[in-house]
Amino acid sequence: MTKRENALTALQGKKPESVPCFYSACQIIPPASALESPPMGSGAGYDGYGVHQTPTESAGGMYTPTPGIPPVLELEKIEDWKKIVHFPDYSQVDFKTISEQERAFFHLDKNNFVQDLFCPNGIFERLHFLMGFENAMIAIMEEPEIVSDIVGAIADKKIEFIYKAAEYYKPDYFTYLDDYAHINGLFISKDTFREIFKPHYQRIVKACKETEMTFKTHCCGKMETLLDDFLDMGVTALDPVQCCNNIPEMKKKTLGKAGIMGGLDVQNVVDITASSEEDIRREVRRCIDEYAPDGGYMIYGASLHMYNPAAYAPGQPLGIVIDECEKYGHNYYLSR
């Protein structure tokens with residue numbers, strides 16, 4: 001198998017020839033055309049929904065709503081959301097030019113690398129980007145029907161972008177980022193997820209399956225209690241599946257059906273300045289020993305270094321992860 005074929009096999013929930021590493025086998029496409037944030041590296045600005053966002057150092061340069069700027073939708077006016085909330089107008093976006101520029105800028109190579117298009121700010125995240133997290137949680141409790149309508153409209157826009165992405169980017173994976181959990185559990189109950197968000201999430205997955213893209217869900221935190229729902233919706237790959245989840249137990253359900261990408265403890269090891277090279281190598285070996293048996297697994301962690309090319313050099317954090325995965329994981333399946 002080529003490195004690309006090996007990675008795709010693992011992400012399909014199957015047994016590859018060696019343990020793949022996301023950082024060396026995949027390429028991220030953060031499409032500016034989605035208008036979910038200002039273009040990467042452009043500084044603070046407004047996204048396509050009118051939310052002012054600022055790159056956050058603690059999140060590795062990812063964009064979050066700018067503190068101090070009022071939300072687009074105030075809780076007291078939630079019933080007037082149709083008059084207040086504006087959505088991206090994709091008819092005004094030059095998808096062809098932007099995608100070509102991104103293909104050149106990111107040196108995209110589909111022959112040798114898995115192409116992973118990241119689409120941030122899913123229906124739950126976009127809700128609290130519009131309202132602020134606290135007000136969004138209150139709205140979910142007090143106005144569930146209105147929230148469902150808003151979330152449905154956001155899902156419609158996601159679906160519109162899915163078809164544009166399939167036409168102009170043609171990635172292997174459409175990665176839908178929507179975090180429903182923190183390190184100890186879900187932000188909302190499983191029942192609330194099923195009642196308000198799952199029906200619209202299901203529509204997004206269905207639309208993606210109608211294209212040549214494969215849907216991958218990105219959900220940070222301890223999200224294992226939603227695994228059955230994700231599999232029920234037809235999700236066939238998951239990331240970043242952080243180590244706060246019981247990944248070996250999750251694999252009992254996903255093996256042969258869906259690939260798990262994650263497990264790497266970036267918060268306590270890889271992204272910690274005090275971590276030695278051996279600390280990082282030990283963490284890679286732990287991941288392989290605990291999560292790789294029988295396949296369906298790729299090493300990954302949502303590292304702060306992901307968008308820093310220098311971090312991939314030999315002796316640097318992600319360079320060390322790549323090197324140890326290649327050394328320890330190369331012949332891992334030969335005797336298994």
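1. Let's start with Lys14, which sits in the loop between helix H1 (3-11) and helix H2 (22-25). Helices here are DSSP runs of H or I with at least four residues, strands are runs of E with at least two, and both are numbered from the N terminus. Bear in mind that this is a predicted model: local features need pLDDT of at least 70, side-chain atom pairs count only at pLDDT 80 or more, and totals for chains, interfaces and linings use all residues. Residues are numbered from 1 along each chain as its sequence is written, and side-chain values use heavy atoms, with hydrogens and water left out.

2. Is Lys14 buried, exposed or partly exposed? Lys14 is partly exposed, because its relative accessible area is 45% (buried is under 20%, exposed over 50%, partly exposed in between, with a 1.4 Å probe and protein chains only). Leaving aside neighbours within four places in sequence, Lys14 is in contact (heavy atoms within 4.5 Å) with Thr9, Gly295 and Gly296.

3. Now for the largest nonpolar core, which has 103 residues. Such a core is a set of buried Ala, Val, Leu, Ile, Met, Phe, Trp, Tyr and Cys residues joined through side-chain atoms within 4.5 Å. Tyr23, Phe174, Phe197 and Ile299 have the most contacts inside the largest one. Helix H7 (residues 144-168) gives the most to this core, with 11 residues.

4. Take a look at Phe174 too: not counting residues up to four places away in sequence, Phe174 touches Phe161, Ile162 and Ala165, among others.

5. Finally, find His218 in strand S9 (residues 214-218). His218 counts as buried because its relative accessibility is 6%.
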